[in-house]
Amino acid sequence: MNTDGTFDEAEIEAARVLFARQATFLMGAVSVDGLPPSDMPEVAFAGRSNVGKSSLINALVGHKKLARASNEPGRTREVNFFVLDDAIRLVDLPGYGWARASKITTKKFQNLGRDYLRGRANLKRAYLLIDARHGLKEVDIEPMDAFDKAAVSYQIILTKADKMKPAEVAALVAATQKAIAKRPAAFPRVLATSSEKGTGIPELRAEVAAACEVLPLTEPPAVTD
């Protein structure tokens with residue numbers, strides 16, 4: 001790792017190798033009783049509906065259709081688990097802030113996400129996705145409070161950064177880091193990404209690999225017919 005806390009070329013490459021390996025959908029859970037065993041490091045992705053969680057997960061693993069993006073924001077009402085190289089689980093939490101479901105149903109699945117956060121000893125880090133075009137909003141305060149209360153390390157990931165000018169993105173990163181500076185569970189580094197352009201994806205892969213303490217040493221095997 002570089003002296004400024006960023007990842008060096010070797011770590012970026014090691015993370016690329018890891019995420020080039022096989023990634024598969026494991027299951028969707030609708031209750032804490034249905035969660036898989038806590039026998040593997042996990043990282044979770046949370047954010048407002050339509051913030052681009054599915055697109056980000058797909059960009060990380062290099063598959064366009066691993067995580068399904070719905071045309072209806074707020075439709076994801078399960079905790080979805082994906083397995084990378086039998087070494088890490090990527091967890092897609094239900095979106096918040098918008099849903100066509102009833103308030104009772106919406107609260108049920110938001111509570112499922114909170115229950116997951118509170119009781120998952122193998123959860124290494126949560127990534128809170130924020131649309132770079134809008135920045136932190138009032139609706140994002142509640143999940144940050146939930147992370148702080150559960151003592152779950154979380155990192156802010158700005159999505160859709162390609163929709164803004166580089167100077168605007170840099171200013172937003174600085175402002176966001178300042179806004180979370182006093183939050184006890186917030187990871188101090190804010191990362192700007194674009195699933196469409198690939199911006200920040202190599203660095204996010206390295207963040208995940210470091211959080212899970214996974215370091216692949218060899219290239220993935222060649223695919224043969």
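A residue is called buried when its relative accessible area is under 20%, exposed when that area is over 50%, and partly exposed in between (1.4 Å probe, protein chains only). Tyr127 is buried by this rule, with a relative accessible area of 0%. The structure is a predicted model, in which local features need pLDDT of at least 70, side-chain atom pairs count only at pLDDT 80 or more, and totals for chains, interfaces and linings use all residues. Residues are numbered from 1 along each chain as its sequence is written, and side-chain values use heavy atoms, with hydrogens and water left out.

The overall fold was examined next. The protein has 6 helices and 7 strands. Both are DSSP runs, numbered from the N terminus: helices are H or I with at least four residues, strands are E with at least two. Along the sequence, the elements follow the pattern α-β-β-α-β-β-α-β-α-β-α-β-α. Of the 225 residues, 48% are buried. Contacts (heavy atoms within 4.5 Å) were also counted by their separation along the chain. Among those between residues at least 6 apart in sequence, 76% join residues at least 24 apart.

Two helices illustrate the packing. Helix α2 spans residues 53-61 and helix α6 spans residues 201-211. Their axes lie 10 Å apart and meet at an angle of about 85°. The two helices are therefore roughly perpendicular to each other. The contact involves Leu56, Ala59 and Leu60 from α2, together with Ile201, Leu204 and Arg205 from α6. These residues divide into 5 nonpolar, no polar and 1 charged. Here Ala, Val, Leu, Ile, Met, Phe, Trp, Tyr, Cys and Pro count as nonpolar, Asp, Glu, Lys and Arg as charged, and the others, Gly among them, as polar. Axes are lines fitted to C-alpha atoms, for helices over the stretch in contact, and angles run from 0 to 180 degrees between N-to-C directions. Angles under 35 degrees count as roughly parallel, over 145 as roughly antiparallel, 65 to 115 as roughly perpendicular and the rest as oblique.

Helix α2 is mostly covered, with 8 of its 9 residues buried. The buried residues include Leu56, Ala59 and Leu60. Lys53 and Ser54 of α2 are buried as well. Just after this helix, Gly62 takes a positive phi of about 75°.

Aromatic side chains were then considered. The structure holds 4 aromatic pairs. Rings of Phe, Tyr and Trp (its six-membered ring) pair if their centres lie within 6.5 Å; planes under 30 degrees apart count as stacked, over 60 as edge-to-face and the rest as tilted. One of the pairs is formed by Phe45 and Tyr127. It is stacked, at 5.4 Å centre to centre and 25° between the planes. Phe45 belongs to strand β2 (residues 42-47), and Tyr127 to strand β5 (residues 123-131). The pair thus links distant parts of the chain, 82 residues apart. Phe45 is buried, with a relative accessible area of 0%. Phe147 and Tyr154 have ring centres 4.9 Å apart and planes at 25°, so this pair is stacked. Both Phe147 and Tyr154 are buried. A charged residue also meets a ring: Arg125 lies over the face of Phe187, at 3.9 Å from the ring centre. Such a placement requires NZ of Lys or CZ of Arg within 6 Å of the ring centre and within 35 degrees of the ring normal.

Several loop residues complete the picture. Most residues other than glycine have a negative phi. Asn50 is not a glycine, yet its phi is positive, at about 75°. Asn50 sits in the loop between β2 and α2. At 56% relative accessibility, Asn50 is exposed. The C-alpha atoms of Asn50 and Asp131 are 8.9 Å apart, although the two residues are 81 apart in sequence. Ala151 also has a positive phi without being a glycine, at about 55°. Ala151 lies in the loop between α4 (141-150) and β6 (154-159), and is exposed at 64% relative accessibility.

Asp39 occupies the loop between β1 (23-29) and β2. Asp39 is exposed, at 56% relative accessibility. Leaving out residues up to four places away in sequence, Asp39 touches Arg89 and Asn122. Its C-alpha atom is separated by 9.8 Å from that of Ala87, which is 48 residues away along the chain.
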